[in-house]
Amino acid sequence: MITVLHEQRETQWPDAAAEGDALWLDADAVASATGWTWKPEGLCQGDTCVPLPRARGAGTAEGTPPSLPVVREGRLDLAAMWRHSGQPVVRDAASRTWVLGTGAAQRGAALATLQAPDFTLPDLEGRPHTLSAFRGRKVFLATWASW
Amino acid sequence: MWQSLFTELQHHGFTVLAVALDQPEAARPWIEAAAPGYPCLIDRDHHVADLYHLVNVPQALWIDEQGRIVRPPGTAGSTDAFRAMDRKTFSFPEAALAERARVKATYFDAVRDWARHGPASVHALSEAQAAARLGPPPDAVAEAHARFRLGQHLLRQGQADEARVLMAEATRLHPDSWAMWRQAADKDARGLASGPEFWARVDALGARPYYAPVDVGSASS
């Protein structure tokens with residue numbers, strides 16, 4: 001069982017495979033774990049597609065396409081793809097839990113639009129609150145801590 | 001902490017959204033004692049700090065009715081007055097107390113003015129001004145947040161030793177984040193990470209601030 005953490009998602013994948021730096025997931029798992037869709041043209045979300053890394057080799061004379069280094073037997077090496085897009089990948093010592101972080105460039109691009117990045121967090125009773133649900137009001141978003 | 005602002009301004013199309021960069025069990029007594037009228041969210045993984053590149057508390061940002069950031073994250077009325085405290089008697093010089101009160105009042109007044117006047121307030125930034133203050137964080141900050149996230153997860157799974165290593169890596173990658181350091185640090189009986197190690201880190205700042213000053217004097221500043 002492999003746990004994938006991305007943004008506020010936490011998903012578990014009994015059929016995923018971790019091999020060294022590689023994390024192999026099928027298309028459904030990629031979508032559920034990250035919100036990004038694995039398509040022939042790359043990893044896509046909305047209008048944005050990050051192309052898969054260029055294939056090594058030229059394929060065969062029979063027309064078999066060259067094997068992509070991040071694709072194998074219907075699965076994507078999501079960790080390699082993530083690093084390829086310049087974003088952090090961290091895993092625990094047992095390779096059972098993987099964090100697919102969001103890169104600084106991606107964070108910066110989101111902030112540069114001036115649209116406040118959305119999030120949903122619980123209160124003490126576990127009720128979820130979403131920032132964008134406060135549209136129509138001015139929001140003073142303030143942090144604090146007990147420490 | 002923000003109840004007076006909320007009470008005064010909630011009928012001006014304004015709300016406070018408080019986010020505790022904290023663990024629920026640690027935040028609970030504070031929230032229950034204050035019983036504020038605004039939502040108090042618990043962000044155990046410091047996700048909001050990752051989204052908005054926050055490094056300490058209290059930091060705040062102002063978001064308008066369309067969800068647009070009109071004042072990027074900044075210190076929310078706190079000062080470095082605590083650094084002038086006598087560490088034996090816990091007393092403060094008069095001047096430091098006066099400065100602390102002045103800075104807090106100035107900041108709260110600016111929030112009030114923006115809540116009442118919106119874009120007409122001199123304290124609301126234009127798009128160009130806001131954008132100029134919202135650069136991308138360094139790559140190391142994103143790497144630090146990924147480690148912090150994994151560390152918090154492993155802590156909840158009971159893997160404290162591995163979690164501690166990841167927290168230390170996060171602080172090494174993102175030394176400016178007091179939120180990461182204090183969350184992971186040993187706490188005293190009051191739940192504060194304010195022992196000798198804290199003061200050594202504060203002293204190591206030298207002339208650099210613990211709470212980066214914010215100038216809300218006017219939009220042109």
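This is a predicted model: local features need pLDDT of at least 70, side-chain atom pairs count only at pLDDT 80 or more; totals for chains, interfaces and linings use all residues.
In chain A, 4 strands form an open sheet with antiparallel pairing, and their order is 3-4-9-8. The edges of this sheet are strand 3 (17-19) and strand 8 (71-72) of chain A, each of which pairs on one side only.

- Strand 3 of chain A pairs with strand 4 (residues 22-25) of chain A in the antiparallel sense, over 3 bridges, and Ala17(A) has Trp24(A) in strand 4 of chain A as its bridge partner.
- In the loop between strand 8 and strand 9 (75-77) of chain A lies Glu73(A), which has a positive phi of about 50 degrees although it is not a glycine.
- Glu73(A) counts as exposed because it has 6 other C-beta atoms within 10 Å, where the cut-off for an exposed residue is 12 or fewer.

**Contact between chains A and B**
- To this contact chain A gives 43 residues and chain B gives 73 residues.
- On the side of chain A that touches chain B, the elements giving two or more residues are strand 11 (97-100), helix 3 (104-112), strand 12 (120-122) and strand 14 (138-144) of chain A, and strand 14 gives the most, with 7 residues.
- Divided by class, this side of chain A holds 25 nonpolar, 12 polar and 6 charged residues.
- Strand 14 of chain A also pairs in the parallel sense with strand 1 (residues 14-20) of chain B, over 7 bridges, and Lys138(A) stands opposite Phe14(B) in that strand of chain B.

**Overall build of chain B**
- Chain B contains 9 helices and 4 strands, which from the N terminus on follow the order α-β-α-β-α-β-β-α-α-α-α-α-α.
- The radius of gyration of chain B is 18 Å, close to the 17 Å that the globule rule gives for 221 residues, so chain B is as compact as a globular protein of that length.
- The C-alpha trace of chain B spans about 50 × 40 × 35 Å along its principal axes, and 42% of the 221 residues count as buried.
- Of the contacts in chain B between residues at least 6 apart in sequence, 51% join residues at least 24 apart.

**Domains of chain B**
- Chain B is divided into domain 1 (3-132) and domain 2 (139-204), and the C-alpha centres of these two domains lie 22 Å apart.
- The contact between the domains takes 13 residues from domain 1 of chain B and 13 residues from domain 2 of chain B, and on the domain 1 side the residues divide into 6 nonpolar, 3 polar and 4 charged.

**Backbone features of chain B**
- The loop between helix 3 (47-52) and strand 3 (59-63) of chain B contains Pro58(B), which is joined to Val57(B) by a cis peptide bond with omega of about -5 degrees.
- His53(B) is found in the loop between helix 3 and strand 3 of chain B and, as a residue other than glycine, has a positive phi near 55 degrees.
- His53(B) counts as buried because it has 24 C-beta neighbours inside 10 Å, where the cut-off for a buried residue is 20 or more.

How values were computed
Residues are numbered from 1 along each chain as its sequence is written. Chains are lettered from A and ligands numbered from 1 in the order in which they are written. The radius of gyration is taken over C-alpha atoms; the globule rule is 2.2 Å times the number of residues to the power 0.38. Two residues are in contact if their C-beta atoms, placed from the backbone, lie within 7 Å. Ala, Val, Leu, Ile, Met, Phe, Trp, Tyr, Cys and Pro count as nonpolar, Asp, Glu, Lys and Arg as charged, and the others, Gly among them, as polar. Two strands pair if DSSP finds at least two bridges between them. Domain bounds come from an automatic or database domain assignment.
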